[in-house]
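Colleague: I have not looked at this structure before. Please show me how to read its main features.

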Amino acid sequence: MGQMDSVVGSSPLLEAENLSKRFGGVHALKGVSLTLLPSEVLALAGDNGAGKSTLIKIISGVHHADGGSLRYAGKEMKFDNPHQARDCGIETIYQDLALADNLDVGANVFLGREPVRRIFGLPMVDRRLMREEAEKTLRALDIHIHRLSSPIGSLSGGQRQSVAIGRAIHWKARVLIMDEPTAALGVPEQRKVMELIANLKGSGVGIIFISHNLIDIFQVSDRIMVLRRGSKVGEVRTSETNPDEIVRLMVGG
Ligand SMILES: Nc1ncnc2c1ncn2[C@@H]1O[C@H](COP(=O)(O)OP(=O)(O)O)[C@@H](O)[C@H]1O
Ligand SMILES: [Mg+2]
């Protein structure tokens with residue numbers, strides 16, 4: 001990675017213009033534009049079916065847009081699949097986290113990108129390296145998981161979320177997209193995730209944060225974009241709005 005290190009100042013990390021997407025008869029996204037700066041948290045708000053997930057799935061290479069364009073670090077991009085987006089530094093954490101429950105923390109941080117070591121000429125996955133590197137990353141993020149060798153499935157929701165965030169950071173995400181990251185968590189764990197987001201912001205990562213929870217949105221975001229039925233119906237600085245206004249935008253009228 002590291003190809004983005006030359007990006008200076010606050011030129012946008014992401015510039016999406018006029019993105020559109022249809023699924024059969026459903027017009028899921030109707031010409032939505034978006035800009036994301038380094039060290040910025042952009043919250044996406046909107047009712048179920050508003051198009052939030054569709055928008056971020058286009059940015060992260062899951063879906064192809066039917067129309068519009070996407071610039072990443074100033075360059076026109078078209079990701080064919082999520083791997084390409086990840087390789088460029090766009091990491092997405094979905095609600096289901098895409099963790100492998102039967103594997104330990106290290107293996108999950110390296111999932112799909114396992115380091116290989118040759119033993120007598122035979123390629124072997126380097127488990128110790130994975131565990132050590134995962135531990136370093138988590139420590140740097142002030143994430144404490146005592147049983148790094150236990151399967152991820154045995155950890156709490158918040159710890160799993162932390163591992164998913166740790167994985168993104170380990171791979172040097174410049175853009176971190178989180179789709180409902182706190183939906184399944186208890187309150188203390190939600191708070192921890194909010195703290196992590198605040199820390200990441202300080203390190204220059206640009207974050208797109210989807211949530212139903214307006215308290216979370218107001219706590220962590222710099223800007224709020226509201227989608228309704230596939231269209232952008234509002235974009236406001238968080239410091240210049242309030243939950244009532246956001247709800248009004250979400251429901252319309
Ligand atoms: N893979 C898909 N196939 C068909 N319809 C979809 C698909 N993904 C989303 N949609 C539809 O697109 C609209 C927007 O969905 P989505 O982006 O998931 O909204 P949100 O994340 O805001 O709840 C909805 O009407 C949804 O049913
Ligand atoms: Mg969604």
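**Reading the model**

Modeller: Among contacts between residues at least 6 apart in sequence, 68% link residues at least 24 apart; two residues are in contact if their C-beta atoms, placed from the backbone, lie within 7 Å. This is a predicted model, where local features need pLDDT of at least 70 and side-chain atom pairs count only at pLDDT 80 or more, while totals for chains, interfaces and linings use all residues. Residues are numbered from 1 along each chain as its sequence is written, and chains are lettered from A and ligands numbered from 1 in the order in which they are written.

Colleague: How many of the residues of helix 1 are buried?

Modeller: A residue is buried if 20 or more other C-beta atoms lie within 10 Å of its own, with C-beta atoms placed from the backbone. Helices are DSSP runs of H or I, at least four residues, numbered from the N terminus. In helix 1 (residues 52-59), eight of the eight residues are buried, so this helix is largely enclosed by the rest of the structure. Among them are Lys52 and Ile59. Just after helix 1, Gly61 has a positive phi of about 85 degrees.

Colleague: At what angle do the axes of helix 5 and helix 6 cross?

Modeller: Two packed helices are described by the angle and the distance between their axes. Helix 5 (residues 157-170) and helix 6 (residues 187-202) have axes that come within 9 Å and cross at roughly 15 degrees; axes are lines fitted to C-alpha atoms over the stretch in contact, with angles from 0 to 180 degrees between N-to-C directions. Helix 5 and helix 6 are therefore roughly parallel (angles under 35 degrees). Residues meeting there include Ile165 in helix 5 and Leu196 in helix 6.

Definitions and conventions:
Buried ≥ 20, exposed ≤ 12 C-beta atoms within 10 Å, placed from the backbone. Helix = DSSP H or I, 4+ residues; strand = E, 2+ residues; numbered from the N terminus. Parallel < 35°, antiparallel > 145°, perpendicular 65-115°, else oblique.
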